[in-house]
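Welcome! Please take a moment to look over the sequence and the 3D structure, and then let us walk through them together.

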Amino acid sequence: MISGLVCIVCRADYRNAPDSDAIVVAHHNDHQMLACRGVCARMASGSAAGLDETPLPLAERMRRHGTDRS
Ligand SMILES: [Zn+2]
């Protein structure tokens, strides 16, 4: 599970597209689950705007991915 680094719907890799408009749509084990704003977010959460929450910076998400292996 690479939560926070890819869109959970279309699997767009935000590490390769840091300017993507990723938004928080769910949580999984304290990780933010992200999806692209719009169609992907609507599929993931039922709302095109996702949750009212700001995603962590990409660098922070990558750091957590590298250290959290629970
Ligand atoms: Zn997407």
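Two strands count as paired when DSSP finds at least two bridges between them. Across this pairing, H27 stands opposite Q32 in β2. Before going further, please note that this is a predicted model, in which local features need a pLDDT of at least 70 and side-chain atom pairs count only at pLDDT 80 or more, while totals for chains, interfaces and linings use all residues. Residues are numbered from 1 along each chain as its sequence is written.

Now follow the hairpin around its turn, where 2 residues sit between the strands. N29 is in the loop between β1 and β2, and D30 lies in that loop as well. What is the phi of N29? The value is near 50°, which is positive in a residue other than glycine. For D30, phi is near 70°, again a positive value in a residue other than glycine. As background, most residues other than glycine have a negative phi.

N29 counts as exposed because it has 9 C-beta neighbours inside 10 Å. D30 is exposed too, with 9 other C-beta atoms within 10 Å. Strand β2 tells another story: 5 of its 6 residues are buried, so β2 is largely enclosed by the rest of the structure.

Stepping back, the protein chain has 2 helices and 2 strands, in the order β-β-α-α along the sequence. Helices (H or I, at least four residues) and strands (E, at least two) are DSSP runs, numbered from the N terminus. In helix α1, which covers residues 39-45, you will find M43. M43 is partly exposed, because 16 other C-beta atoms lie within 10 Å.

In soluble globular proteins, nonpolar side chains tend to be buried together.

Leaving aside neighbours within four places in sequence, L34 is in contact with several residues, including G4, C7, Y14, V25 and P55. Two residues are in contact if their C-beta atoms, placed from the backbone, lie within 7 Å.

For the whole chain, buried residues make up 27% of the 70 residues. A compact globule with 70 residues would have a radius of gyration near 11 Å, and the protein chain agrees, with 11 Å. That radius is taken over C-alpha atoms, and the globule rule is 2.2 Å times the number of residues to the power 0.38.

Finally, how confident is the prediction? The chain averages a pLDDT of 88, and 91% of the residues score at least 70; pLDDT is the predictor's confidence in each residue, from 0 to 100. Among the elements, helix α2 (residues 58-67) has the lowest mean pLDDT (82) and α1 the highest (96).

Terms used. A residue is buried if 20 or more other C-beta atoms lie within 10 Å of its own, exposed if 12 or fewer, and partly exposed in between; C-beta atoms are placed from the backbone.
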